[in-house]
Amino acid sequence: MLNFGHLKQRDLEQKLSYDFLRAVSLRRSHFYETANISFQNLPFQQYDYSYVNGSCCENVIGYVPVPTGIVGPLLVNGRALVASTNRGCRAVFESGGVTVRMYRDGMTRAPVVQFANVARTLEMKDFLDSSTGFEEIKAVFDSTSSFARLQRLETDITGRLLFIRFEAKTGDAMGMNMVSKGTNAALSYLKQKCPEMEVLSLSGNYCVDKKASAINWIKGRGKSVVAEAVISAAVVQTVLKTTVDALVRLGQAKLL
């Protein structure tokens, strides 16, 4: 069925009732028979493919073993960073632990679209900035995922270009794929309403992804977290072997 195109590669595991090893073996045979590609040097047995199925890899043909070596012996006499880290953990624990809160949650994707003139660009911006426009786009966006939920839209114009920043909650996941999928569906919906709109890119560098950006620092991207630990004076003295006053004076001197 694979060789004649009656079955898609990605559906093989499901067709075989999730017999992962057989699916991988048949996929390897298919490529050998149809394209003369041999994977004899790529192992595929003795691996639990349930860890990756439907999660982080498709069309699996095997796995790449990573050589792991050992060094040592290494003598730690108590003055290494391990001991220092352990003292810090103890100081935090004996002072009541760390308070952690997530105060902002919103993964972003910001496509760029273009119109024939600035008037049409502004019309689309006004629509997206309106409550009616947001609710329409949110309904389309949210329908693409069980977890992704659109929180807000931000728009900005440069000439005939319109940048649309979608921000959504994504549950426990980082959610970049969720947001991209929802954004793509929203663009298709907008394209139906406005056929002359040209989608230049799903990512218009206003998200901003994989690079330092002031907008991410100001508005946040993904999950923003704040943490606090208050170390008592008694713990500073008994665990860290110093005093609060000495730490303050040292900090002032070193940060001049």
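Here are some quick questions and answers about this predicted model.

Me: How many domains does the chain have, and how far apart do the C-alpha centres of domain 1 and domain 2 lie?
Reply: The domain assignment gives domain 1 (1–67), domain 2 (75–98 + 229–255) and domain 3 (105–221). Between the C-alpha centres of domain 1 and domain 2, the distance is 52 Å.

Me: Is threonine 183 buried or exposed?
Reply: Find helix H6, residues 176–193, and you'll find threonine 183 in it. Leaving aside neighbours within four places in sequence, threonine 183 touches Arg109, Pro111, Phe141, Phe166 and Leu202. Buried means under 20% relative accessible area. Threonine 183 has 0% relative accessibility, so the label is buried.

Me: Which element supplies the largest share of the largest nonpolar core?
Reply: That core has 24 residues, and Leu190 is among those touching the most other members. Helices H4, H5 and H6 and strands E3 and E4 each supply at least two residues of this core. With six residues, the largest share comes from H6.

Me: Which residues is leucine 190 in contact with?
Reply: Skip the neighbours within four places in sequence. What's left for leucine 190 is Met124, Phe127, Leu128, Ile137, Ile164 and Met197.

Me: What is the volume of space in the largest pocket?
Reply: Its lining includes Arg10, Tyr18, Phe20 and Asn53. By class, that lining has five nonpolar, four polar and three charged residues. The space in this largest pocket comes to about 180 Å³.

Note on methods. Residues numbered from 1 in each chain as written. Predicted model: local features only at pLDDT ≥ 70, side-chain atom pairs only at ≥ 80, totals over all residues. Heavy atoms only, no water. 1 Å grid on protein atoms, 1.4 Å probe; cavity = no way out; pocket = protein on both sides within 12 Å on 5 of 7 lines; lining within 4 Å. Points joined across faces, edges and corners; volume = space filled by probe spheres on them. Nonpolar A, V, L, I, M, F, W, Y, C, P; charged D, E, K, R; others polar. Helix = DSSP H or I, 4+ residues; strand = E, 2+ residues; numbered from the N terminus. Buried < 20%, exposed > 50% of the residue type's maximum accessible area, 1.4 Å probe, protein only. Contact = heavy atoms within 4.5 Å. Domains from an automatic or database assignment. Core = buried A, V, L, I, M, F, W, Y, C linked by side-chain atoms within 4.5 Å.
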